[in-house]
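This report takes up the aromatic rings of the structure shown below, and the charged groups placed over some of them.

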Amino acid sequence: APGFRVRGVFNPAATRFGEEILLLLRVAEDCEAGANEVAVPIARFENGVGRPDILRLSRRDPEVDLSDSRYVVYRGRTHLSTLSHLRLARSRDGARFTVDERPFIFPSDSTESFGAEDARITQIDGVFYINYTCVSPDSWATALVSTRDFKTVERHGIIFPPQNKDVCLFPEKINGHYCALHRPHNSGFGRPSIWYAESPDLVHWGNHQCLVRPRDNGWEDERIGGGAPCLKTPEGWLQIYHGAGADASYRLFTLLLDSTCPARVLKRASRPLLEPEADYEAKGFFGRVVFTDGVVPFDDGRVWIYYGAADQTTCLAETSVDELLDSLDTP
């Protein structure tokens, strides 16, 4: 949109579709502003359609609070300094992508007024289900849409209310139920952990159970959350999740769940699978972060992990099912 500029393209969902690999990128934008001006990216809604707009404020206005670079507070109302939407990128080889000209998912109502972020794509019975974090003044939640052609979507609304995100759907029913990992936000007691839930229809969820919690190992002391949808392996469901440590770095870890009872943890890696080491992972909009929402497995056992680095760029790491299973070492 005029006046908007891209600040980061990161945290993509990933899937195979026909002969292509598709990424659903999080595109974070802010706005160009004059020397004494604050320009806030916002979404306005009319008849179920969102459109980008800019709220322009004076830096000299005593009611404008810029004390935290992530936010702009005006007359007691908080706005984000960036607005995210989701955009498709397509590739034949998985490395060179062509990005669509228009957003695939743009905020469409007040539950998404601060943006749509960090999607995951899960194919179940020929339908591609896309869950993503919707952000608003009421905090963050998880919404669901579905598509068969990546041209149109059917919206199913919020499936996990605030404050809940990092949702990973399983790619098949287990014991007659749809299953998911999710991450409610703790305040007061405990730390943000990975939970398990079941559903008859992908919209209404129950049988919630806390699956794994942060460990005091310096790498994931603060919080953990699900990454890409679980991979089915001969040994069980393989999950690549993220953890944030006391050093404010985000790292990736592996977790193995029982194939017929995914609420049962079989193994968990004691050391990170991937951590921010390269310059583009250590420095960026939010440095020292590696974060995955998208994994593409191949029939020969190769696994490609698409991940965001420093909340700014999209990267690819290559591994295999065997290497991922070998990284697991603790019950």
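The charged end of Lys165 lies over the ring of Trp140, 4.6 Å from its centre, where a charge sits over a ring if NZ of Lys or CZ of Arg is within 6 Å of the ring centre and within 35 degrees of the ring normal. The charged end of Arg302 likewise sits over the ring of Phe298, 4.3 Å from its centre.

This is a predicted model, in which local features need pLDDT of at least 70 and side-chain atom pairs count only at pLDDT 80 or more, while totals for chains, interfaces and linings use all residues. Residues are numbered from 1 along each chain as its sequence is written, and side-chain values use heavy atoms, with hydrogens and water left out.

Ten aromatic pairs are found in a search of the whole structure; rings of Phe, Tyr and Trp (its six-membered ring) pair if their centres lie within 6.5 Å, and planes under 30 degrees apart count as stacked, over 60 as edge-to-face and the rest as tilted. Two of these pairs are set out here.

| Pair | Centre distance | Plane angle | Class |
|---|---|---|---|
| Phe17 and Phe150 | 5.1 Å | 70° | edge-to-face |
| Tyr250 and Phe291 | 6.4 Å | 55° | tilted |

Tyr250 and Phe291 are both buried, a term for under 20% relative accessible area, with exposed meaning over 50% and partly exposed in between (1.4 Å probe, protein chains only). Phe150 also counts as buried, at 2% relative accessibility, whereas Phe17 is partly exposed, with a relative accessible area of 23%. Ring pairs join Phe17 and Phe150 with Phe104 and Phe128 into a cluster.
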